[in-house]
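Here is a short briefing on one protein chain. Look at the model first, then read the points below.

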Amino acid sequence: MKKFVFLAIVFLLLATSFALELNSGVLYSFSGQLLYGVEFNTLSNLVNGPSTTSGFSLMYITDVAEKHFGAIGGQAKYDINLEIGRISLYGFGGMLFPVFEFGFEKITSIVRVGAKYYIGNIIVNSGIYSLYLIDSTKLEGIEFSIGYTF
């Protein structure tokens with residue numbers, strides 16, 4: 001019972017300290033590969049600067065057949081309030097690693113930039129990405145995802 005109370009308190013602190021986002025979508029590389037991604041963001045409710053927030057991101061990227069990557073990094077975004085809603089320009093940078101064959105020598109990098117459009121709690125995201133694989137190949141392309149913010 002003590003563990004449950006402790007976990008409930010930690011969850012409530014996280015829920016009030018961070019805005020949570022869950023996104024799912026596709027990443028299409030300019031070389032013709034189609035990847036699928038699921039992303040979980042924790043963005044601080046505290047504003048770092050005028051209309052600017054930052055937080056941590058976790059991402060899972062796969063082509064379903066043979067590539068399975070995890071990504072951990074930081075994300076910063078700049079909010080612009082318009083008459084049609086809120087648009088956020090964001091940047092993400094972090095490390096990319098193979099999920100099933102993890103090794104510190106296999107860690108590479110991923111960079112993403114784009115824009116998010118918030119329709120109430122629904123997020124429509126579009127951007128570009130660049131990720132580097134351990135065999136020195138680079139995948140670059142466009143991404144599109146839809147998500148929900150809590």
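The model is predicted. The protein has one helix and eight strands.

**Overall fold**

- The protein has 150 residues, and 36% of them count as buried.
- Consider the contacts in the protein with a separation of 6 or more: 46% of them join residues 24 or more positions apart.

**Largest pocket**

- S5 gives the most, with three residues.
- By class, the pocket lining has nine nonpolar, five charged and two polar residues.

**Largest cavity**

- The count of cavities of 30 Å³ or more comes to one.
- The largest cavity has a volume of about 60 Å³.
- It is lined by 13 residues, with Gly25, Gly37, Met59, Glu143 and Ser145 closest to its centre.
- Strand S1 (18-29), strand S2 (34-44) and strand S8 (138-149) each give two or more residues to the cavity lining.
- S1 supplies the largest share of that lining, five residues.
- The classes in the cavity lining are five nonpolar, five polar and three charged residues.

**Aromatic pairs**

- Phenylalanine 97 and phenylalanine 102 have ring centres 5.6 Å apart and planes at 85°. An angle over 60 degrees counts as edge-to-face, so this pair is edge-to-face.
- Phenylalanine 102, at 44%, is partly exposed.
- Tyrosine 148 and phenylalanine 150 also make an edge-to-face pair, because their planes are at 70°, and the cut-off is over 60. Their ring centres are 5.2 Å apart.
- Tyrosine 148 is partly exposed, with a relative accessible area of 38%. Phenylalanine 150 reaches 60% and counts as exposed, because that class begins over 50%.
- Phe97, Phe102 and Phe104 form one aromatic cluster.

**Charges over rings**

- Arginine 112 places its charged end over the ring of phenylalanine 92, 5.1 Å from the ring centre.
- Lysine 116 places its charged end over the ring of tyrosine 90, also 5.1 Å from the centre.

**Phenylalanine 102 in its setting**

- Where is phenylalanine 102 found? It lies in the loop between S5 and strand S6 (108-119).
- Phenylalanine 102 is in contact with Phe97 and Ile107, leaving aside its neighbours within four places in sequence. Phe97 is also its ring partner in the edge-to-face pair.
- Glycine 70 is 32 residues away along the chain, and its C-alpha atom is 9.7 Å from that of phenylalanine 102.

**Valine 111 in its setting**

- Valine 111 belongs to strand S6.
- Is valine 111 buried, partly exposed or exposed? With a relative accessible area of 43%, valine 111 is partly exposed, because the value falls between 20% and 50%.
- Beyond its neighbours within four places in sequence, valine 111 is in contact with Phe92, Ile128, Tyr129 and Ser130. Of these, Phe92 has the ring that the charged end of arginine 112 sits over.
- The C-alpha atoms of valine 111 and serine 130 are separated by 5.3 Å, and the two residues are 19 apart along the chain.

Key
Residues numbered from 1 in each chain as written. Predicted model: local features only at pLDDT ≥ 70, side-chain atom pairs only at ≥ 80, totals over all residues. Heavy atoms only, no water. Helix = DSSP H or I, 4+ residues; strand = E, 2+ residues; numbered from the N terminus. Nonpolar A, V, L, I, M, F, W, Y, C, P; charged D, E, K, R; others polar. Phe/Tyr/Trp six-rings, centres within 6.5 Å; stacked < 30°, edge-to-face > 60°. Buried < 20%, exposed > 50% of the residue type's maximum accessible area, 1.4 Å probe, protein only. Lys NZ or Arg CZ within 6 Å of the ring centre and 35° of its normal. Contact = heavy atoms within 4.5 Å. 1 Å grid on protein atoms, 1.4 Å probe; cavity = no way out; pocket = protein on both sides within 12 Å on 5 of 7 lines; lining within 4 Å. Points joined across faces, edges and corners; volume = space filled by probe spheres on them.
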